[in-house]
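Open the model in your viewer and have the selection tool ready.

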Amino acid sequence: MNALMPRATIEDIVRYRDQAIALYEVAYTKIEEASEAIKAAHAMASNCHPGTNSYNYAEGKEIEAFRKAVRLPERTQYLRTARRLTDLDAWSYIVERTDLQRLMDSEAKDQLQNQMRYIPDRVDRSGQLINEEEIAKGMPPLTVDNIMATLEQFALDADTIFRRGIANAFSKLDRRFRSHDGFKIGSRLILTRVFNEWGSLNYGRIRDTLIDIERVFSVLDGHDEAAFTSALYAIEMDRRNCHGKRQSEVETEYFKIRGFMNGNAHLWFQRADLVVKVNKLLAEYYGEVIADGQQADEDPFANIKNVPAKRFGFYPTPDGACDRVFRNISVLQRADHPQLRILEPSAGTGNLARRCVRSIDDLGNYERERYLDQFRFDNLVDCVEIQPGLAQALQEEGIYNRVFTKDFLQLTPDVTGLYDLVVMNPPFDRERDIDHVMHALKFLKEDGRLVAIMSAGTEFRETKKSTAFRALMQKMNAQWEDLPPGSFSEVGTNVNTFFLKVWKNGTRYGR
């Protein structure tokens, strides 16, 4: 911690802050006294000119400004503003002094600034904050312990923040960088909408992106500078005093950047050693979700990973991802529709399966009254889970039709029967998600549908299996939708994901 900021310095900052707040309280008292004195003076002055005075009409604005020379603010709001602005300046100084922001990309900096500027506004009659969630959205109170704890957490998270910044920087340039096995940068990147119609460098995202890329290379190269703008400067110097679309080329320590008439640019990396470092850090950030590159000679789907994934590829489906998936499928069927048979082949802790059941006991009174006569709540949901402990927990919930403690790839439809709907979050690594989805299609009725969360790499890998899978899904009129970046971060993986919806008969109008 002392390497980031000495404790004595932190203690000085807090002491000065506390003294400043005390002085603002004194200042308010003096403002209050001045306000009362002004009121008394105005009252006395009115005794010498009772009634109206038509001769000073022209001085009306000056008189109004004079009478409002001292305006007494509301005490609680004034002191809260004094604390917030003082703390904001102090936190800003602390972050800049420790130089932690040099590891942050533009997104991380924006998040920190938003947190520092956040103003909780839910208060009780006395002006006290009443919502802990509101308080937690801002920076913690400026105390020695809070500063030490915050800096320590920043230091612990520094590597992750830096890797995430690298992933963010490159994912903005090419959609392939969203997944582990599509991330690797080569010798060149294509940048779009770099220049405007007058031939000048656009403002906004492209500038932040260039700064972030240069920041990554500069930090990896061991430089300590906090500003990373040499690429921007080189481009702007090259295009100064020029108007209109044109081609251009500049070189910096790390890049060669060639601009084109259409507003785009190509960026070549000058340092192959730094490219290797970037790719290594991206691999560490995205984890182990890698295609192994082995394909069968004839049938690309024949090379199935029959050995279970490491830790069974278990990443429980977060609530946010569940919400996005179920927003796009309806498992509550109208009462006059047949009962659904539903399969969750990688049930885990039941986060997806539980929503398929929609037991009436889970509904609030309003939902019961509204939906009881309209929808069925007795869908038959079967779960498959390879881990005995998790399977036992699912069984004990008592809401599922059947729970199979088995490797799904070893299960066959003649044991389970066919289903109207399969909802799944299979293991992602080494294209196992494709293996599981292909196997799950066998369990659907002819008019059944499948919804699966998959690694975003499936959309972009150039392996035979991924290429064949995309072609098959296109033929079956499948629908794809990206889940937000980091949807699974809270459960231990940064791999980006999407969900797939497909009908067995290839129509988009099944149940």
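Select Thr 416, which sits in helix H14, residues 413–416. Keep in mind that this is a predicted model. Is Thr 416 buried or exposed? Thr 416 has a relative accessible area of 4%. Buried means under 20%, so Thr 416 is buried.

Now show what surrounds it. Leave aside the neighbours within four places in sequence. Thr 416 is then in contact with Arg 341, Arg 402, Phe 404, Leu 411 and Phe 443.

**Stop two: a glycine**

Select Gly 389 next. Gly 389 belongs to helix H13, residues 388–397. Its relative accessibility is 55%. Exposed means over 50%, so Gly 389 counts as exposed.

Gly 348 and Gly 389 are 41 residues apart along the chain. How far apart are their C-alpha atoms? The separation is 9.6 Å.

**Stop three: two helices crossing**

Select helix H1, residues 7–47, and helix H3, residues 75–98. Their axes come within 10 Å and cross at roughly 155°. Angles over 145 degrees count as roughly antiparallel, so H1 is roughly antiparallel to H3. The crossing of the two helices, H1 and H3, is right-handed.

Show the side chains where they touch. On H1, pick out contact residues including Ile 13, Ile 21 and Tyr 28. On H3, the contact residues include Leu 79, Ala 82 and Ile 94. Among the charged ones, find Arg 17 and Glu 25 on H1, and Asp 87 on H3.

Key:
Residues are numbered from 1 along each chain as its sequence is written. This is a predicted model: local features need pLDDT of at least 70, side-chain atom pairs count only at pLDDT 80 or more; totals for chains, interfaces and linings use all residues. Side-chain values use heavy atoms; hydrogens and water are left out. Axes are lines fitted to C-alpha atoms, for helices over the stretch in contact, and angles run from 0 to 180 degrees between N-to-C directions. Helices (H or I, at least four residues) and strands (E, at least two) are DSSP runs, numbered from the N terminus. Angles under 35 degrees count as roughly parallel, over 145 as roughly antiparallel, 65 to 115 as roughly perpendicular and the rest as oblique. A crossing is left-handed if the near helix is turned anticlockwise from the far one by less than a right angle, and right-handed if clockwise. Contact means heavy atoms within 4.5 Å. Buried means under 20% relative accessible area, exposed over 50%, partly exposed in between (1.4 Å probe, protein chains only).
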